[in-house]
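Colleague: Could you take a close look at one part of this model, describing the setting first and then the part itself and its surroundings?

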Amino acid sequence: MNAPAPERRGHLVIIGGAEDREGTKTILSRFLELAGGRDAKVVVLTAASAEPKQMWKIYDKAFGDLGVKQRMHLPISNRAQASERRNADHILSADGIFMTGGDQKRLLSIIGGTLIDNAMHRAFRERAACVAGTSAGASAMSEHMLWAHIGDATQPEKGETYLAAGLGFLQRAVIDQHFSQRQRLGRLLEIVAQNPYLLGVGIDEDTALVVENRSGFEVIGQGTVTLLDGREMSSNFLEIEQRERLELLNVKLHLLPSGRRYYLHGPKRSDVPDELREAIAAVTSVSTVSAPEYT
């Protein structure tokens with residue numbers, strides 16, 4: 001009697017931007033592996049970009065070089081297109097969904113709450129599809145998304161960072177990208193000061209956080225992932241005026257280099273440091289909630 005096939009849990013590949021698309025393509029190769037290999041249907045969503053044709057040209061070549069035959073561009077540029085059944089059906093039938101960089105405000109303004117949005121969640125939840133986002137596409141993954149920042153990203157000051165609703169694949173985390181390269185620690189600290197319940201996740205360029213639904217995650221690529229945990233923090237956030245510097249005490253910072261793996265559940269379960277258990281639980285509390293299903 002054959003053993004039952006292991007449960008597919010679905011994966012998120014959250015990329016800090018500027019991933020290698022011409023060399024070894026470590027991150028894109030892992031995305032393809034999780035989507036099912038060369039025979040997978042890969043849909044590239046360029047709605048975040050103001051230059052979708054040029055963006056598609058880049059990923060068409062990259063995925064073509066990796067041997068993907070069923071690769072397609074879904075050029076969504078307005079909410080009417082994002083609400084068309086045929087476009088949503090392409091997403092729903094995909095094994096891998098890849099959201100490019102650009103502007104996360106643009107991405108959510110176009111697809112937020114539409115059939116495309118719904119189909120992405122259904123593909124992840126029902127078919128265990130692999131959903132990936134790079135740069136702006138990474139920021140859009142979380143339920144609470146970094147919308148705008150003014151001022152100096154290196155120094156945390158009150159009132160410089162604004163959040164908005166994201167796509168909701170992660171419930172208890174907020175994502176920032178190009179993290180070390182653009183010195184964004186300050187603005188992520190401000191987000192944690194405003195919202196101590198949320199885990200701040202900063203992802204370096206050519207680096208990805210690979211999240212397995214309800215199980216754990218690992219870091220791949222060339223850089224590191226920074227986690228900021230402010231649940232036990234105290235701050236002067238309520239006492240100071242707008243644009244004044246923040247005092248933050250007892251913020252926990254975890255620095256996770258490429259190659260680290262942490263799994264709380266499932267067949268990959270491993271020993272996890274006690275200091276990381278709550279942070280891992282926060283990152284892997286992947287949302288299963290979506291808009292009413294279309295018929």
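Modeller: Of the 295 residues of the chain, 56% count as buried, that is, under 20% relative accessible area, with exposed meaning over 50% and partly exposed lying in between (1.4 Å probe, protein chains only). The model is predicted, so local features need pLDDT of at least 70 and side-chain atom pairs count only at pLDDT 80 or more, whereas totals for chains, interfaces and linings use all residues. Residues are numbered from 1 along each chain as its sequence is written, and side-chain values use heavy atoms, with hydrogens and water left out.

The chain holds nine helices and 16 strands; these are DSSP runs numbered from the N terminus (helices H or I, at least four residues; strands E, at least two). Its radius of gyration, taken over C-alpha atoms, is 19 Å, in agreement with the value near 19 Å for a compact globule of 295 residues (the rule being 2.2 Å times the number of residues to the power 0.38). The C-alpha trace spans about 55 × 50 × 40 Å along its principal axes. Of the contacts (heavy atoms within 4.5 Å) between residues at least 6 apart in sequence, 75% join residues at least 24 apart.

An α-helix has 3.6 residues a turn, so residues three or four places apart point the same way.

What covers this buried side?

Strand β15 contains histidine 254, which is buried at a relative accessible area of 12%. Beyond its neighbours within four places in sequence, histidine 254 is in contact with Glu275, Leu276 and Ala279, as well as with Val225, Thr226 and Leu227.

The loop between β14 (248-249) and β15 holds asparagine 250. Although asparagine 250 is not a glycine, its phi is positive, at about 65°. Asparagine 250 is partly exposed, with a relative accessible area of 48%, whereas histidine 254 is buried.
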